[in-house]
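User: Please go through this model with me in questions and answers. I would like the terms spelled out as they come up.

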Amino acid sequence: MNGWVGKVLRINLSEKKHIIEDLDEDLARDYLGGRGLATKILYDEINPKIDAFDSDNKLIMASGPLTGSGAIAACRSVVVSKSPLGNIGCANVGGNFGSEIKYAGYDLIIFEGKASEPTYLVIEDEKIEYLSAEALWGKDCYETDDILRRKIGDPWKAKEYSIACIGPVGEKGTNIASIIIDKHNAAARGGMGSVMGSKNLKAVVVKGTKGVRVADREAFIKAATEVLEHVKQSHASVESFPKFGSPSVLPLYNEVGMLGTRNFQTGVFEQAEEIGGEALAKKHLRKIRACLTCLQSCGGILKATDPRFMVTSERPEFETVWVFGADCGNGNSSAILKAHDICNQYGMDTIGVGNTIAMCMEMFEKGFLKEKDIGFPLRFGDPGAMVRLVEMTGKQEGFGKEVIKGGYQLSHKYKHPELFVGSKKLEAPAYDPRVCQAQGLNLATAARGACHNKGYTMASEIFGLPSVGGKTDPYVTEGKAQLTKNIQDATCVFDDTGTCLFLILGLWATEIHKQLLPATGVDYSFDEMITCGERTWMIERMFNIKAGLTGKDDNLSPRMLKEPMPEGPGKGRVNRLHEMLPEYYKVRGWDENGVPTEAKLKELGMRW
Ligand code: SF4
């Protein structure tokens, strides 16, 4: 095969045995790779009703056919499993891990069973070692990474390895544990770190020596060069993201009044400019960093300036800046860096932790949580209290043991579920859907729960990109079902092929298509490629239905549906999900209960 390596590494942790299997070529063609292919395999191999921490659950780390090939910004991999939240779990991550999997000779690694004691794996091409992680258990992600690299020996050689590990939070069966890659990239959402921990798998160390073979090298280089030239036309790709990172968009979202603030009590944050990408860069940026074959260079190193929160941290993404900034009512950028760093250190999802803490702040201010519950006052805009609680969460101390369960569980325990902002038990990202109707539909229908990265409808509703059909009115619901579906399916293609969605403002599925053909040698039409994305969406839906979810789970928090936005350009608006959902089910080929119809499955060549 070309593009794809054509091999799957299946590791049985219970028996410390592995086999290398041929990748099913038909499946690869139908689902492309990454998210789609991994979900299809999971769907076929486990009972979706299974408890996420049952040893029969499987954890799949998967790359796409473009990952590591030299295609533009194709560095991504995904981690897929049954989530502790009860639905499909899928976390997408950058850095070099996905490429190293390919270079070692695999498209996917499937982890089965459960090691009898803490274990880490070293994968060097065909050589797989199962090593004791007893001495690593309990250590945070930074210590774990350092120790494992020291074991490799020569520091220059150690840099060639990519390490995915969990921190102490992932060892404890929680809902917000991430998998941290090389200290600074996170497969964060949906509790994938906890599933890894439930298998007693502390870390996976990978280094490959092989390349990725493409079908037509000359045509592939030509296509990648054209795509690069296209991306260079994007201001976001060559100016704002390299200089200011993804938080460069934060002030814009504030301007349009959809920056979730103080647990989404409003969409406007008065200190947005102070925590926007430009301000962060001016105040804190020390170095810019990029993933392989990406000119957008949104990574970097930032240094805090407030002596109370001293840290040198990876440049946080927009969502992290938002959640520890606007959502917690905090304008102290050093505190944001510190909170972000603690999350990476202990292996926690920044959105999950920050969103839950913002909800606790609201509960405290309304008297639903008391000082005796938390141990100290927890008010919006108090950076010291925020960072203290993030640290307690990482260390699983005091009230941190409650935060670690995630917002959904905590809101129910303290009897105010109406204050949880999320969908399918997953804490919501930054975008207030009262101001962007299609984004509400996307957050409600995304299989892993409230997730902007599964359908960035703002590409149309805010940015009006020609590639997604131009500008649509964010307050209007007509036509949003089809728009949302189109963007969701194209997003699946990004995730399936291993392409970074952060380039969505400068690169679209048409550019992926240009590179995919010479890489794989498969003569996909553009529509056929998008159909692969639609299959990905469909298989996630089928997994969720079999796991016990229903159309009732396609929902938003009451605040989004019933509490009008109090101020800003979207003042007075709510999300009108009920106007879009029936139409969405129709365009998806699902029945009125949100269940895929036999006719649609047949059209896509799928079956239950
Ligand atoms: S946009 Fe950022 S995260 Fe994505 S590939 Fe480029 S540098 Fe990596």
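Analyst: Domain bounds here come from an automatic or database domain assignment. This is a predicted model, in which local features need pLDDT of at least 70 and side-chain atom pairs count only at pLDDT 80 or more, while totals for chains, interfaces and linings use all residues. Residues are numbered from 1 along each chain as its sequence is written.

User: How far apart do the C-alpha centres of domain 1 and domain 2 lie?

Analyst: The assignment divides the chain into domain 1 (7-207), domain 2 (257-427) and domain 3 (437-604). For domain 1 and domain 2, the separation of the C-alpha centres is 26 Å.

User: On the side of domain 1 that touches domain 2, how many residues are nonpolar, polar and charged?

Analyst: Two residues are in contact if their C-beta atoms, placed from the backbone, lie within 7 Å. By that criterion, 35 residues of domain 1 meet 25 residues of domain 2. Ala, Val, Leu, Ile, Met, Phe, Trp, Tyr, Cys and Pro count as nonpolar, Asp, Glu, Lys and Arg as charged, and the others, Gly among them, as polar. The domain 1 side then holds 16 nonpolar, 15 polar and four charged residues.

User: What is the order of the strands in the open sheet of six strands?

Analyst: Strands (E, at least two residues) and helices (H or I, at least four) are DSSP runs, numbered from the N terminus. Two strands pair if DSSP finds at least two bridges between them. Strand E7 (residues 119-124) is joined to strand E8 (residues 127-132) by six antiparallel bridges, and to strand E12 (residues 201-207) by six parallel ones. The pairing of the sheet is mixed, and its order is E8-E7-E12-E9-E10-E11.

User: Which strands are at the edges of that sheet?

Analyst: An edge strand here pairs on one side only. That applies to E8 and strand E11 (185-187).

User: At about what angle does helix H3 run to E12?

Analyst: Axes are lines fitted to C-alpha atoms, for helices over the stretch in contact, and angles run from 0 to 180 degrees between N-to-C directions. Helix H3 (residues 97-104) lies across E7, E9, E10 and E12. Its angle to E12 is about 65°.

User: Why is one side of E13 and of E15 left without a neighbour in the sheet of three strands?

Analyst: The order of this open sheet is E13-E14-E15, with antiparallel pairing.

User: Is alanine 71 buried or exposed?

Analyst: Alanine 71 sits in the loop between strand E3 (59-63) and strand E4 (77-82). Leaving out residues up to four places away in sequence, its contacts are Leu66, Ala224, Thr293, Gln515 and Ala519. A residue is buried if 20 or more other C-beta atoms, placed from the backbone, lie within 10 Å of its own, exposed if 12 or fewer, and partly exposed in between. Because alanine 71 has 30 such neighbours, it is buried.

User: Which residues come nearest to the ligand?

Analyst: A residue is near a molecule if its C-beta atom, placed from the backbone, lies within 6 Å of it. The shell has nine nonpolar, four polar and no charged residues. Of the 13 residues around the ligand, the nearest are Cys291, Cys294, Cys298, Cys500 and Phe502.
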